[in-house]
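Colleague: Before I rely on the labels used for this structure, I would like to hear what stands behind each of them. Please set the values against the cut-offs.

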Amino acid sequence: MSIAFADEEDLLGRLTDRPENLVYLVGSPISASNRTDTPGVPGVVEMIERVRAEFSGSALQRLDAKLTATPTNKYQAAFLFLQQNKGQDAVNRIIQRAVLRARRESTAFPVVPNQIDSIEHCRALENDYEGWHLAPAVEALGRIIVSPKSANQPVVLTPNFDPLIKASIRRAGGQFHTIALHGDGSLPGFDGQGCLVVHFHGDWYRTDTLHTPAQLGQERPMLSASLARLIHTRTLVVLAYSGWDDIFQRAMIGALRSGLATFDVLWTFFPTDQAIIERDFEPLLKVLQPGIDRGRVVPYKGIDVHTLLPRLAEKLAAMRVSEVATAATVRRVPTPPTPPTRSFRVGDRVRSTLNSDAFSPAGGLVTKVYPDHPELAQVQYSERPPTDYNVNTLELDERLLVPLQPNIDIPRLAGRFRGQVEAVLGMPVRHESVSPSKMGPALKCWYREGWVEVVYHNGLSDWITVSGLGDIAFAPESLPKFGFPATSPSFQDEHVIRWLNLGEIREISLFSGQGGASDYLYVKTLTS
């Protein structure tokens, strides 16, 4: 078998080339935790053990004998035995309890449940997006789906039963439509906003879940035709998917073998060793071979979704930031100066629209003003200026200077998911992982050219810093400028004005700057 496997860098290049033309097919590892100490939907091995825990005595011995006799399909054999001995309802209950393993404490459900009381209970849990722990892969998938670089109507296909993909999309600020099928049927026409999520093996509470060879291999011609139409002329990205002989694989392989396929398939494998892939996935590679020969199927090795998808999400975000920066209008100082419309004071902190390849200052300090030309100001920057300047100051027309008024509505930002924050502030200019004292790892992002910093704890915006407040008076009356009603402070001296327990926000502190102006605002939302 002579197959050329590509690697992760090749795949990232392909996915960022036309990100608007992709359909994602994702398997169960995307929902599983990538660490043993965090919540997540159990993997295949643990699911088999959960089935074994349902039996004892001679029944358990019979189950173990079935598992030994089917070493390559133990999962399907285990669930077939469970269905034959305890029924489909027992299968569904195990799936529901397994999905609960991905829960964490939330405001709506401060205690993580270990069993389901009713369908209404399932629905309430599913809609409590805060309460789902998202592993790196599924969290990143939500950001990819809602990225402006992705398709206007993105599609995710999955055999998974859990709601984590949908929770990820919502927490990234997106919308979705979901379809769950456990039998044959066509997919309805889709002409709405948001992502279409198709659970083609059922759902954790809306439908029966499919596990056994007979269930997975049943003929579903209407669904097969619908799936083929859904990916028509697009590129299908197959991630963390075992390649079981199920409806989706047969629909795709049928199209490839017919020679009429107009879609490409990027099929990923976790092992890095090609020999292991060729040994363990030999039946799958044989059915993919016609597509590989035609150039319609490209196999990739060494693909870990918990590494790949976060990298892809960051690359798409960087592409978007680059496009926005490229589209910005670049202007030099006009001469002669235009009539004044605004004057500056020494000490004002200002942002400049002056940009070049070598110099993109986030902002600077006014060090000199001109009484005869108040529209001009000399601004000192901390960054090195372009090579055609030999001083660290620039004289700029007022049209190129913007006072750093924040226009920041803190209640719209505090305690929100990252996607909701970025719907208000735009994409971050940079980010990094931080480890605050007494806190676990957190994500810190800089927005609005670096003047707004947000630290996320457990996926929610917690600590917010707004800098560059030279045009905001250092006074209690300035609080409404940040989206709050006028409120007397809890504490005030010459350095800081502090408010405690404003709605759901623990603490807000406004710090003094020069000449009666403010310097920066610091918000603690969830933790102290």
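Modeller: Strand 15 (residues 452-457) is mostly covered, with six of its six residues buried. This is a predicted model, in which local features need pLDDT of at least 70 and side-chain atom pairs count only at pLDDT 80 or more, while totals for chains, interfaces and linings use all residues. Residues are numbered from 1 along each chain as its sequence is written, and side-chain values use heavy atoms, with hydrogens and water left out.

Colleague: What makes a residue buried, and what makes a run of residues a strand?

Modeller: Buried means under 20% relative accessible area, exposed means over 50%, and partly exposed lies in between (1.4 Å probe, protein chains only). Strands (E, at least two residues) and helices (H or I, at least four) are DSSP runs, numbered from the N terminus.

Colleague: Which residues of strand 15 lie on one side and which on the other?

Modeller: V452, V454 and Y456 are on one side, and E453, V455 and H457 are on the other; all are buried, and both faces are covered. In a regular strand the side chains alternate between the two faces of the sheet.

Colleague: How many bridges join strand 14 to strand 15?

Modeller: Five bridges join strand 14 (residues 442-447) to strand 15, again in an antiparallel arrangement. C445 has V454 as its bridge partner in strand 15.

Colleague: What is found between strand 15 and strand 16?

Modeller: The two strands form a hairpin with two residues between them. N458 in the turn has a positive phi of about 55 degrees, although N458 is not a glycine.

Colleague: Why is N458 called exposed?

Modeller: The relative accessible area of N458 is 62%, and the label requires over 50%, so N458 is exposed.

Colleague: What makes T525 buried?

Modeller: T525 has a relative accessible area of 3%, which is under 20%, so T525 is buried. T525 is in the segment after strand 20 (518-524).

Colleague: Which backbone oxygen lies 2.8 Å from a polar atom of the T525 side chain?

Modeller: The backbone oxygen of D462 does. Leaving aside neighbours within four places in sequence, T525 is also in contact (heavy atoms within 4.5 Å) with residues including A414, S461 and E504.

Colleague: What makes a group of residues a nonpolar core?

Modeller: The members must be buried Ala, Val, Leu, Ile, Met, Phe, Trp, Tyr or Cys residues joined through side-chain atoms within 4.5 Å. Of the 67 residues in the largest nonpolar core, Y24, F79, W132, L141, W204 and L309 touch the most other members. Apart from this core lies another, of 27 residues, among them I408, I410, C445 and L502.

Colleague: How many disulfides are there?

Modeller: The count is zero, a disulfide being a pair of cysteine sulfur atoms within 2.5 Å. C122 and C445 are each buried, C122 with a relative accessible area of 0% and C445 at 0% relative accessibility.

**Salt bridges**

Colleague: Why is the pair of E126 and K166 called a salt bridge?

Modeller: A salt bridge needs a side-chain nitrogen of Lys or Arg within 4 Å of a carboxyl oxygen of Asp or Glu; E126 and K166 meet at 3.7 Å, N to O, so the pair qualifies. E126 lies in helix 6 (residues 119-127) and K166 in helix 8, so the pair ties together parts that are 40 residues apart in sequence.

Colleague: Are E126 and K166 buried or exposed?

Modeller: E126 counts as buried at 5% relative accessibility, and K166 counts as buried at 1%. Helix 8 (residues 164-171) is mostly covered, with seven of its eight residues buried.

Definitions and conventions:
Pairing = 2+ DSSP bridges. Polar contact = N/O pair within 3.5 Å; in protein donor to acceptor, adjacent residues only side chain to side chain.
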